[in-house]
Amino acid sequence: MSLLVRQKEYTSAAFPAELFDETLDHLWDDPKSLKACSLACRAWVPTTRLHLFRTVLLTSLSSTARFSALLDSTPDIAWHVRKLSITAQYSRDVDHDNNEHNAEGMRTIEDDGWVNTGVGVARRLGETGRVDTLALSRMRWSHLESRTKEAFKGLFKNVRALFLFEIRFRTSGDVLEFLDAFPDLDELYFHAVSWDHDSNTPLVPTPPATNNASDWLSMQPRFGQKDKMHLTYLFLDPRSSPTLVTEWLLSHPLEKKLRTIQLCWREMDGTKALGDLLQVSGSSLERLQIEFPSGIPEEAVLHNHLSLAHNTSLRSLSFGGLDVSAASSRAFLSTHLFPWVTQMLADLRSPLLHEITFELETPNVSGLRTLDWVSIDQELSRREFVGLTVRFYVDCNEGGRGDDVEQEVRKEIEERLKGFKERGVLRVNCI
């Protein structure tokens, strides 16, 4: 027996397989080393495949064809895929459709025709039932072939996290039908999702015709009981319709699991739906990051649509997009800016709250004086908030960002929150 063979036998006997697996696990983000290890030892192949194919990214016809061929030659690889990401790109075209044009007068369209070639991949991954994360980018869902949509729906039933980025639908009803195909969704990231017009293709055959998304939602209980919604994380960016998604959530029996809400709300008429979502979330909600770049209507403040009284387990609260210049141009019932901020602070009932963040943009330091600092200080100085950390991130877009400006901003805010400073921690940063 050669020395080399004896060394291999000794190595195999001396180290259990679990130790090799744990060592290989440390290479989870190093595909080059994982590939080398898979070639070095046949016993390491299952573990290296677990990491190499955990996330699959398809970006073109060629990448889809390569992965499809790989599944043909090694079907077991499909069982290792947990996240599928399909990302199309934009191409430039001289057509005159209603698409956005760039500076050169050329329109940009989604180069997504190749997605239809992924039918086989979608079916195979759907059969395993192991894909729990799906990311779709720069696609026109309405332009996909029917067989492609059906194949993808086989994937949807097990997806727990859904990322949508610049996805276009034909109608708002198509958006609702798409979302309803995910029965076990835990996390929803809704980035720049759009539709061409606000009419519907209902889920149930032969319902009464309607051209309004809210009407479509209100009819759904007549045609079947909605499954319970298990969502724990919701992200809505400013280029999507938060009202549509919020009303879709409210149309389901919502289990109290929604722990994080992060959204930018631009629709002035839909704040009641947001307030309903906050109320339904109740004590499950732990983190809320909210922004109203267009402000909110007087009615929402008068009727307290955005109460946080039911969110008794809230741990962090963030107010973003507080633009003093934009807010000053709007007529409002209050002489102070952002009255919904003080109202939401007054409704806080969570003993677990440990951080509140304010993101302010002001043309100059004097713009800070338009806030209702007396009410803010009064609410933050409540006995139950002793030890609370409050952070201010201030973008002062005039006068530079030197040390003098930052010191002036910090001094202004500290002077306005003297009561809170005695009970909590105040952090002020210029950005």
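This note goes through the predicted model point by point, from the overall fold down to single side chains.

1. **Ground rules.** The model is predicted, so local features need pLDDT of at least 70 and side-chain atom pairs count only at pLDDT 80 or more, while totals for chains, interfaces and linings use all residues. Residues are numbered from 1 along each chain as its sequence is written, and side-chain values use heavy atoms, with hydrogens and water left out.

2. **Overall make-up.** The protein chain has 17 helices and 15 strands. These are DSSP runs, numbered from the N terminus (helices: H or I, at least four residues; strands: E, at least two). The chain holds 431 residues, and 46% of them count as buried. Buried means under 20% relative accessible area, exposed over 50%, partly exposed in between (1.4 Å probe, protein chains only). Take the contacts in the protein chain with a separation of 6 or more: 76% of them are between residues 24 or more positions apart. A contact means heavy atoms within 4.5 Å.

3. **Parallel strands.** Strand E6 (residues 161-171) and strand E7 (residues 187-191) run parallel, joined by five bridges. Two strands pair if DSSP finds at least two bridges between them. Phe165 stands opposite His191 in E7. From E6 the chain crosses through helix H8 (residues 172-179) to E7, a right-handed β-α-β crossover. Right-handed here means that, with the strands pointing away from the viewer, the path from the first strand over the helix to the second runs clockwise. E7 also runs parallel to strand E9 (residues 233-236), with four bridges. There, Glu187 has Tyr233 in E9 as its bridge partner.

4. **Aromatic pairs.** The whole structure contains 15 aromatic pairs. Rings of Phe, Tyr and Trp (its six-membered ring) pair if their centres lie within 6.5 Å; planes under 30 degrees apart count as stacked, over 60 as edge-to-face and the rest as tilted. Phe156 and Phe178 are an edge-to-face pair, 5.4 Å centre to centre with 75 degrees between the planes. Phe156 lies in helix H7 (residues 146-156) and Phe178 in helix H8, so the pair ties together parts 22 residues apart in sequence. Phe156 is buried at 0% relative accessible area, and Phe178 is buried at 4%.

5. **A stacked pair.** The ring centres of Phe358 and Phe392 are 4.7 Å apart and the planes are at 10 degrees, so this pair is stacked. It links distant parts of the chain: Phe358 is in strand E13 (residues 355-362) and Phe392 in strand E14, 34 residues apart. Both Phe358 and Phe392 are buried.

6. **Cluster and charge.** One aromatic cluster is formed by Trp141, Phe152, Phe156, Phe169, Phe178 and Phe182. Elsewhere, Lys83 lies over the face of Phe163, 5.5 Å from the ring centre. The test is NZ of Lys or CZ of Arg within 6 Å of the ring centre and within 35 degrees of the ring normal.

7. **Arg382.** This residue sits in the loop between helix H15 (373-380) and strand E14 (389-396). Arg382 is buried, with a relative accessible area of 15%. Its side chain reaches the backbone oxygen of Leu345 at 3.0 Å. Not counting residues up to four places away in sequence, Arg382 touches Leu345, Ala346, Leu348, Arg349 and Arg423.

Technical notes: Polar contact = N/O pair within 3.5 Å; in protein donor to acceptor, adjacent residues only side chain to side chain.
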